[in-house]
2 protein chains.
Amino acid sequence: METTYINRKDHIKQVAQQLFRKNGYTATSMRNLAGEIGIEPASLYSHIKAKEDILQQICFGLANDFFSAANPICDSLMSPEEKLRRAIVAHIQVITNNLDASAVFFHDWRHLGTESLKKFRTLRSEYEELFRSIVREGMAECVFRKVNEKFMVLTIFSAMNWTYEWYQPGTNLNSEVIGNNVADMLINGLKTI
Amino acid sequence: METTYINRKDHIKQVAQQLFRKNGYTATSMRNLAGEIGIEPASLYSHIKAKEDILQQICFGLANDFFSAANPICDSLMSPEEKLRRAIVAHIQVITNNLDASAVFFHDWRHLGTESLKKFRTLRSEYEELFRSIVREGMAECVFRKVNEKFMVLTIFSAMNWTYEWYQPGTNLNSEVIGNNVADMLINGLKTI
DNA sequence: CCTACCGATCGGTAGG
DNA sequence: CCTACCGATCGGTAGG
């Protein structure tokens with residue numbers, strides 16, 4: 001149970017994302033965080049510069065995970081349908097493997113500072129574009145119905161991103177099965193014929 | 001532009017849900033709220049008992065709207081497919097007609113006090129059960145594929161509830177069209193054959 | 001990583 | 001709806 005082998009900065013991040021998920025970023029005080037870790041509040045500042053630093057670590061760390069999962073799929077030579085299915089499964093796996101971070105990512109990104117916020121929005125647009133290009137490709141090849149492209153991608157993200165709200169490790173199906181189920185529901189609703 | 005005709009309590013609620021949506025419930029202070037309204041912070045307490053009162057008004061008010069929209073559809077004699085389509089459209093219309101309240105509803109319900117929180121969860125379960133029963137009915141009649149019922153409903157809610165994140169009144173399609181598009185994507189992915 | 005502490009701000013009350 | 005104010009708590013710093 002003790003995880004003394006990880007460094008303190010990671011430890012802080014992990015405890016923080018649990019608390020942020022449970023109570024929200026703003027409602028979690030540095031005193032709460034320090035108390036949960038077992039050190040004095042002021043000691044946190046030996047490892048981080050500010051509260052927002054932690055939020056940045058969480059948000060940009062997870063953004064990086066999403067890209068790492070999706071990029072190789074997008075660059076591959078698979079069919080649009082297979083790409084979309086795999087991208088959905090990969091995305092949902094990142095979420096289910098990082099439930100605390102995902103909750104913070106989706107809820108609390110707006111509490112990032114002005115500069116980080118801008119960077120965050122840019123990354124998110126770039127990531128959405130990955131999915132948009134798969135959908136576009138599929139429409140061009142007539143394997144996807146020609147629905148409004150932006151709308152279609154938003155619905156795909158909707159179905160994927162809500163996962164963190166209800167997924168419970170252990171009690172649910174495993175993440176690959178869930179990803180494939182979501183993909184099934186979406187793709188079979190998209191396909192020509 | 002002036003809406004002096006509504007009473008102050010409603011005025012407070014409306015301004016509050018704008019601020020809560022933008023900055024979050026916890027990050028919005030009573031001083032922010034009073035400043036936006038143009039009164040002194042202490043004056044708010046002539047109209048409300050506590051900050052959480054406002055959150056309760058918003059959350060339970062919207063819950064009521066959801067039920068009012070869905071109940072007549074569920075009680076009707078339409079086919080499961082038609083019921084589901086109409087319930088989806090109705091749900092999305094409630095969201096798009098109450099974007100501020102919806103954002104608060106989905107983000108900040110967990111900041112309700114213990115008692116309200118319990119009541120909220122119960123209402124939410126009851127509401128989900130409305131959709132679950134439509135899906136169950138559809139499966140029994142073999143018009144919906146026999147997927148895990150709970151999972152299917154969660155995916156439906158996912159696709160519906162994310163709407164508040166991206167819907168922009170005016171610039172988007174109207175809410176009925178959007179609801180029907182979401183219904184199309186979901187139902188055509190659910191139907192036998 | 002701790003003790004000691006800062007100025008700012010919080011939700012809310014008393015009393016009119 | 002206002003003035004005046006409360007105790008509590010906030011994020012963060014100084015200095016060791």
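Accessible areas here come from the Shrake-Rupley method with a 1.4 Å probe, and for residues only the protein chains shown count as cover. On that basis chain A exposes about 9,300 Å², of which carbon and sulfur atoms supply 49%.

Before I go on, this is a predicted model, in which local features need pLDDT of at least 70 and side-chain atom pairs count only at pLDDT 80 or more, while totals for chains, interfaces and linings use all residues. Residues are numbered from 1 along each chain as its sequence is written, chains are lettered from A and ligands numbered from 1 in the order in which they are written, and side-chain values use heavy atoms, with hydrogens and water left out.

Let me turn to the fold. Chain A has 9 helices and 0 strands, helices being DSSP runs of H or I of at least four residues and strands runs of E of at least two, numbered from the N terminus. The C-alpha trace of chain A spans about 65 × 40 × 25 Å along its principal axes. Of the 193 residues in chain A, 49% are buried, meaning under 20% relative accessible area with a 1.4 Å probe, protein chains only.

Now to the DNA. Around DNA strand D there are 15 residues, and A:Arg31, B:Arg8, B:Glu40, B:Ser43 and B:Ser46 come nearest, where a residue counts if one of its heavy atoms lies within 4 Å of the strand. Turning to phosphate oxygens of DNA strand D, one is 2.5 Å from a polar side-chain atom of B:Ser43, one is 3.0 Å from a side-chain N or O atom of A:Tyr45, and one is 2.8 Å from a polar backbone atom of A:Lys51.

Methods. Buried means under 20% relative accessible area, exposed over 50%, partly exposed in between (1.4 Å probe, protein chains only). A polar contact is a pair of N or O atoms within 3.5 Å; within protein, one must be able to donate a hydrogen and the other to accept it, and residues adjacent in sequence count only if both atoms are side-chain atoms.
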